[in-house]
Amino acid sequence: MKVDVLLGLQWGDEGKGKIVDVLTPQYNIIGRFQGGPNAGHTLEFENIKHVLHTIPSGIFHDGVINVVGNGVVIDPVILKQEIDKLVAMNVDVNKKMYVSKKAHLILPTHRLIDAASEKTKGKEKIGSTLKGIGPTYMDKTGRNGLRVGDIFENNFKEKYQALVEKHKQILKFHEYEYNLTELEPAFFEGVETIKGLTVIDSEHYLNNELKNNKKILAEGAQGTLLDVDFGSYPFVTSSNTTTAGTCTGLGIAPNKIGEVFGIFKAYCTRVGSGPFPTELDNEVGEEIRKAGFEFGATTGRPRRCGWIDLPALKYAIMINGVTQLCMMKADVLDGFDTIKICTHYIINGEKVDYMPYDIVSQKVEPVYVERKGWKTDLTQLSSIDEIPTELNDYIEFLEKELNVPITIVSVGPNRKQTLLRQNILV
Ligand code: GDP
Ligand code: IMO
Ligand code: MG
């Protein structure tokens with residue numbers, strides 16, 4: 001058996017949570033491989049709308065194990081809140097979720113450093129979610145971090161204190177004011193909660209389950225254009241959000257990767273700072289934001305909106321080895337007479353169809369082709385056979401340009417509003 005991967009091809013919030021939830025019945029295990037509570041994955045079914053931050057999106061299905069992998073960074077405060085909410089909904093999280101011993105912990109001081117560093121950056125700030133993601137990954141690669149496995153050691157408090165002392169130096173450098181004693185009780189409560197979970201060597205577990213012919217789906221967080229290596233650096237997150245992140249974040253060998261589902265919106269959004277070639281800083285962008293309810297699931301910030309960007313999508317498909325595409329939120333474009341598709345960029349007078357090294361300081365001007373809008377309420381459709389011709393043209397145009405089949409078309413936030421174009425190859 002191989003591990004299938006589902007990840008975002010844009011700047012996050014493509015609808016990963018929804019599709020993982022839709023695909024979960026086909027799998028035995030769902031594993032998150034990177035990121036942390038900067039993620040906000042929304043699931044809607046029956047009368048429930050639920051946002052997950054750390055917990056994988058298979059948690060509402062029975063008979064499925066959800067693994068928080070070693071590549072994830074965990075804030076015990078937020079994880080406890082997530083668990084409490086689910087338990088109140090009668091979800092047996094303890095039975096359905098395993099946590100890697102090697103996942104790193106987000107300390108209250110990591111959150112403080114995140115805020116302090118953004119404040120120091122001023123106008124140059126990344127627009128971080130302020131969840132402490134960057135500082136925690138810095139401690140991981142700097143070999144200072146605390147891991148879930150450490151909480152079971154007798155000297156955990158000392159290790160915690162030693163790291164906090166280092167952090168205090170950093171906060172002093174930033175001249176940042178804070179009150180740590182207010183934040184610590186919730187952290188240690190969260191740590192106690194984690195102690196009561198099933199904490200495992202997840203790389204062994206997953207590889208054994210693969211041998212036992214169990215089906216595993218890896219759930220990405222953020223999106224390819226926020227990847228620390230391949231995104232619009234420095235306006236990125238601090239992990240590898242790409243397929244390679246599955247290997248390091250779950251302990252899966254590259255030759256064990258199977259299908260790669262790449263998710264994208266029928267348009268484009270970005271939250272936080274950084275370049276966005278097709279951004280519509282005008283009433284059209286506002287119309288998309290309104291129709292798509294484009295506000296952050298984690299921070300509530302309005303998302304910046306723009307037309308679909310094919311050079312960026314081609315880049316993301318290449319880096320991830322995408323084998324199937326899922327097009328999300330087609331219904332958000334229902335009201336538009338004309339829909340634009342960016343096929344090229346003009347950079348220094350030259351027309352190119354690839355993502356250049358620098359889109360941060362270089363001016364990148366999008367070149368568009370136009371397609372006629374479908375002007376139909378897609379949210380009511382129940383089969384792909386019912387889709388309007390104009391939407392079919394849009395999909396076929398994208399497929400031809402991107403050279404990967406679009407197997408899923410999503411036409412609303414609910415589980416049920418999902419149209420399959422062909423048998424999904426899982
Ligand atoms: P994720 O981070 O990739 O899981 O995505 P988010 O949950 O942050 O953002 C996606 C938003 O779009 C959520 O509010 C979803 O409920 C919603 N959504 C997902 N698919 C669709 C769709 O096809 N149409 C509409 N209108 N909303 C959708
Ligand atoms: P999901 O999984 C959208 C963005 C932040 C900021 C940058 C760095 O829901 O798609 P960080 O807190 O990671 O240091 O912030 O990345 N960002 C996201 N944008 N969706 C996300 O997750 C994001 N996680 C981080 O807005 O620009
Ligand atoms: Mg999100």
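Predicted model: local features only at pLDDT ≥ 70, side-chain atom pairs only at ≥ 80, totals over all residues.
1. Let me start with the overall tally. The count of salt bridges comes to 21. As background, side chains of opposite charge can pair when their charged atoms come close. The points below pick out a few of these pairs and then turn to a helix.

2. Have a look at K80 and D84. Their side chains meet in a salt bridge, with 2.8 Å from N to O. Both residues belong to helix 2 (residues 76–88), where they sit four residues apart, about one turn of the helix. An α-helix has 3.6 residues a turn, so residues three or four places apart point the same way.

3. While you are at helix 2, consider its geometry and its start. The helix has 13 residues and reaches 18 Å from its first C-alpha to its last, close to the 18 Å expected at 1.5 Å a residue. At its start, D75 places a side-chain oxygen within 2.9 Å of the backbone nitrogen of V77. Just after the helix comes N90, with a positive phi of about 65°.

4. Which residues of helix 2 are buried? They are P76, V77, I78, L79, E82, I83 and L86.

5. E165 forms a salt bridge with K168, and their closest N and O atoms are 3.5 Å apart. The two are three residues apart in helix 6, a separation of about one helical turn. Both partners are partly exposed: E165 has a relative accessible area of 39%, and K168 has 29%.

6. Now for a pair that links loops. K329 forms a salt bridge with E294, and the closest N and O atoms are 3.0 Å apart. K329 lies in the loop between strand 15 (324–328) and strand 16 (338–347), while E294 lies in the loop between helix 10 (283–292) and strand 13 (304–306), so the pair ties together parts that are 35 residues apart in sequence.

7. Is E294 buried or exposed? E294 is buried, with a relative accessible area of 0%. This residue also takes part in a network of salt bridges that links D13, K265, E294, R303 and K329.

Methods: Residues numbered from 1 in each chain as written. Chains lettered and ligands numbered in written order. Heavy atoms only, no water. Salt bridge = Lys/Arg side-chain N within 4 Å of Asp/Glu carboxyl O. Buried < 20%, exposed > 50% of the residue type's maximum accessible area, 1.4 Å probe, protein only. Expected span 1.5 Å × (residues − 1). Polar contact = N/O pair within 3.5 Å; in protein donor to acceptor, adjacent residues only side chain to side chain.
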